[in-house]
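Visitor: Could you walk me through this one? I'd like to start with the packing inside and then move on to the charged pairs.

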Amino acid sequence: MSLNKKSVDDINVKGQRVLVRCDFNVPLKDGKITDENRLVAALPTIKKLIADGGKIILCSHLGKVKTEEDKQTKTLAPVAVRLSELLGQEVKFVPNPEVVGPNVVEAVNAMNDGDVILLENTRFRAEETKNGEAFSKDLASLADVFVNDAFGTAHRAHCSNVGVTQFVDTAVVGYLMQKEIDFLGNAVENPVRPFVAILGGAKVADKLNVISNLLEKCDTLIIGGGMVRLRVKRLDFHLLMTARLIIVRKCLQRLTPLARNSFFL
């Protein structure tokens with residue numbers, strides 16, 4: 001099940017500037033990457049685009065950037081070094097405190113087919129997490145094609161994965177994103193039964209639609225982890241989170257008749 005998403009296999013990137021949103025949010029210790037699984041997972045898409053003759057511009061966030069000190073410790077420079085080793089070719093790191101600036105534009109203009117550059121941490125721009133139009137346009141100005149291969153951040157409406165798509169003509173998914181879409185699509189639409197879904201996380205309100213959809217499809221739904229303390233009284237559900245009480249009675253009154261095999265841990 002592809003969910004009608006075009007992928008890198010559906011486009012010709014020869015000579016095109018390709019902005020790829022990756023998930024390089026890797027753990028660092030003393031400037032060294034301690035787990036490179038996310039880098040390795042991005043390689044198939046990057047290698048495909050290189051082989052097809054694209055000019056590859058990689059971008060990603062890394063952690064939360066709230067202070068100037070964060071900008072010293074959460075740079076993507078170590079990622080460029082390790083990616084160069086994994087790809088067997090230079091990944092040129094082009095840092096700029098605004099992520100996109102004159103030096104970045106110059107570097108992109110100087111690229112040859114098959115070249116790869118990496119931009120600085122997208123969260124160096126405060127408007128990244130607010131999906132600001134200016135930063136979205138800055139990113140889009142670098143590219144002819146946008147590829148989203150960061151499944152782990154696909155649920156967030158940020159400049160580098162949502163806003164930018166409004167200002168490019170072609171936007172597709174990479175292999176990692178496609179793999180997850182296909183897996184989830186098949187798991188939900190053609191499940192092996194009994195079909196058990198387990199949900200965790202902290203932002204319960206964001207998951208109500210997911211819960212509603214899963215209750216209609218799965219045999220058992222288990223909700224656990226640290227996301228809630230739950231008190232059940234008749235048909236009323238109260239979700240108590242760290243700083244506020246979220247009342248979701250109206251929604252969950254609709255869900256409750258479906259929740260014969262639902263468990264809250």
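Visitor: Which residues does phenylalanine 24 touch, leaving out those up to four places away in sequence?

Guide: Bearing in mind that this is a predicted model, phenylalanine 24 touches Arg38, Leu39, Ala42, Ile46, Leu58, Ser60, His61, Leu62, Leu76, Val79, Leu83 and Leu118 once residues up to four places away in sequence are set aside.

Visitor: And how many residues are in the largest nonpolar core?

Guide: That core has 28 residues, and Phe24 and Leu58 are the ones with the most contacts inside it. In soluble globular proteins, nonpolar side chains tend to be buried together.

Visitor: Which elements give two or more residues to this core?

Guide: Strand 1 (17-21), strand 4 (55-59), strand 6 (116-119) and strand 7 (145-148) do so, along with helix 1 (37-51) and helix 3 (77-87). The largest share, six residues, comes from helix 1.

Visitor: What does the second, separate core include?

Guide: The second core, which is separate and has 23 residues, includes Ile57, Cys59, Ala107 and Val108.

Visitor: Switching to charges, how many salt bridges turn up in a search of the whole structure?

Guide: The search finds 14 salt bridges. One of them joins the side chains of aspartate 144 and arginine 17, with an N to O distance of 3.1 Å.

Visitor: Where do aspartate 144 and arginine 17 lie?

Guide: Arginine 17 is in strand 1, while aspartate 144 is in the loop between helix 5 (133-140) and strand 7, so their pairing ties together parts that are 127 residues apart in sequence. Aspartate 144 counts as partly exposed at 28% relative accessibility, and arginine 17 also counts as partly exposed, at 22%.

Visitor: What about lysine 48, which partner does its side chain meet in a salt bridge?

Guide: The side chain of lysine 48 meets that of aspartate 52, at 3.0 Å from N to O. Lysine 48 is partly exposed at 21% relative accessibility, and aspartate 52 is partly exposed with a relative accessible area of 25%.

Visitor: And arginine 125, buried or exposed?

Guide: Arginine 125 is buried, because its relative accessible area is 7% and buried means under 20%. Arginine 125 forms a salt bridge with glutamate 127, the closest N and O atoms being 2.9 Å apart, and glutamate 127 counts as partly exposed at 24% relative accessibility.

Key
Residues numbered from 1 in each chain as written. Predicted model: local features only at pLDDT ≥ 70, side-chain atom pairs only at ≥ 80, totals over all residues. Heavy atoms only, no water. Core = buried A, V, L, I, M, F, W, Y, C linked by side-chain atoms within 4.5 Å. Buried < 20%, exposed > 50% of the residue type's maximum accessible area, 1.4 Å probe, protein only. Helix = DSSP H or I, 4+ residues; strand = E, 2+ residues; numbered from the N terminus. Contact = heavy atoms within 4.5 Å. Salt bridge = Lys/Arg side-chain N within 4 Å of Asp/Glu carboxyl O.
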